[in-house]
Amino acid sequence: MALTLHQTTIVACATAAGRAGVAMLRLSGPRVRFVTEIICGHIPSPRKATLCKFRDAASGDTLDEGLVLFFPAPHSFTGEDVAEFHLHGSQAVVRAVLTAITNLGQDIRIAQPGEFSKRAFFNGKMDLAAIEGLADLIDSETEWQRKQALRQMQGALSEAANSWRTMLIECMALVEADLDFSDEGDVPTDLAKYITPRLMDLTREMQSALHNVKQGERIREGYRVVIAGAPNVGKSSLLNSLAKRDVAIVSPIAGTTRDVIEIRCDIRGYPVLLADTAGLHETADHVEAMGIDRARREIAQADLLLLLGDTVNPVSSIAVNVTCPRLVVATKADLGAASFPHDVAISIEADTGLDSLLECIGHCIESLAGHEMALVTNERQRHSLQSAHDSLERVLSDTNLSSELVAEELRHAAQRLDMMIGRVDSEHVLDQVFSRFCIGK
Ligand code: GDP
């Protein structure tokens, strides 16, 4: 991809706002050398951290002292000249140095959210799938989110897409040759014999990537674990205990939880959306009945159901038809042993059984996640891959398809793979991807 020359030089604080030991300003663009020379007094050797005083050109005042790094184009994150100013992490220092920098010219301005990554993309430093991996990595809160995002940022999906594309192009070349020279008899006339096994391999690999999409999405967005049971069995107490704060109202009065209450938590490195739901029972109360309807909808979408019961309301008393895995949890173990079969017994009162419960939830999610890490992790990627896969399926399922139509389907599949990693994409899709970033990325 040709190097895109941006006229403006951008600057932003790449570290989070607020008090900290260090704040890092990142600059990118054609005037980075000029700015560095003026503010730091010299341009340091490439990629070597160098101590300097940061000065305001107008007043000559020293604003701070710290480290400066210079990454000449094209060997930088954005592919342009890039500098990093490592300042003391005070809001006043950051503001003063940013002002000193932007005062140096109208073509030097504060970056928009995601603008550094956008430049990296347009300069061919990263493809769209890798950029999405980077956004996920910055957003990652749990160990598995970090692993999946890093893998994507390092190009796992891009590599697969490129190898699928190469195979497709080989098939396309054979079909094109068949179209061009079919009268001359010097290319295999039995085209299907050559391309069918290749296309079958390709669809199999794509199918397996599509099969894992749900897991990829769950690792990004969280596994839905739903707490359900009769009123008063201790659902809200369990949610609060796992959240380590009072999120839901705990009360001996039945029917206090009328809406779905959801928290995000990290269970054994997996992101989990844990939902407390209204107690399941027959009620004449209109509002409570609405809550129970919501609870049933939530249960229907669960990846894992925690079915709670105590000595008064055993689990067997609630009818719940679900296809997802479930863990039967006997609550209030401090009051006595449960009369129904259960996977784990807990007591919030006596603080027992919670570790075992977390262990069980962790195991269930681990088996849902499977051993293979997902290649495709979001809806945008899935849509493109599904469309590429469907084109190949159409070729394989119709042996009478003309070479022209086969060529058309293969071209379509290759184009969809290109879209998946952002080789061709509309401005709208790109804007959506980059809007996820914060300023400084
Ligand atoms: P929910 O309606 O299922 O959400 O139940 P709550 O969490 O509101 O609890 C109902 C009642 O059971 C409250 O009075 C809680 O204090 C009590 N409770 C919850 N967990 C335990 C426990 O482990 N042991 C005992 N003895 N009481 C509990």
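Select Lys235 and the ligand: an N or O atom in the Lys235 side chain is 2.8 Å from an oxygen atom of the ligand. That is a polar contact, meaning a pair of N or O atoms within 3.5 Å. This is a predicted model, where local features need pLDDT of at least 70, side-chain atom pairs count only at pLDDT 80 or more, and totals for chains, interfaces and linings use all residues. Residues are numbered from 1 along each chain as its sequence is written, and side-chain values use heavy atoms, with hydrogens and water left out.

Then pick Ser347, where the corresponding distance is 3.5 Å. The protein covers 85% of the 580 Å² of accessible area that the ligand has on its own (Shrake-Rupley method, 1.4 Å probe).

Now show the shell. It holds 15 residues, and Lys235, Ser236, Ser237, Asp334 and Ile348 come nearest (a residue is near if one of its heavy atoms lies within 4 Å). Colour the shell by class: five residues are nonpolar, six polar and four charged. Here Ala, Val, Leu, Ile, Met, Phe, Trp, Tyr, Cys and Pro count as nonpolar, Asp, Glu, Lys and Arg as charged, and the others, Gly among them, as polar.

Next, select helix 9 (residues 235-243) and helix 11 (residues 354-369). Their axes come within 12 Å and cross at roughly 85°. The two helices are therefore roughly perpendicular (65 to 115 degrees). Axes are lines fitted to C-alpha atoms over the stretch in contact, with angles from 0 to 180 degrees between N-to-C directions. Helices are DSSP runs (H or I, at least four residues), as are strands (E, at least two), numbered from the N terminus.

Show the side chains between them. Leu238, Ser241 and Leu242 of helix 9 meet Leu354, Leu357 and Leu358 of helix 11 (contact: heavy atoms within 4.5 Å). Five of these residues are nonpolar, one is polar and none is charged.

Two backbone stops remain. Go to Asn232, in the loop between strand 7 (223-229) and helix 9. Its phi is near 70°, a positive value in a residue other than glycine. Finish at Pro74, in the loop between strand 4 (62-71) and strand 5 (82-89). A cis peptide bond joins Ala73 and Pro74, with omega about 0°.

Terms used:
Polar contact = N/O pair within 3.5 Å; in protein donor to acceptor, adjacent residues only side chain to side chain. Parallel < 35°, antiparallel > 145°, perpendicular 65-115°, else oblique.
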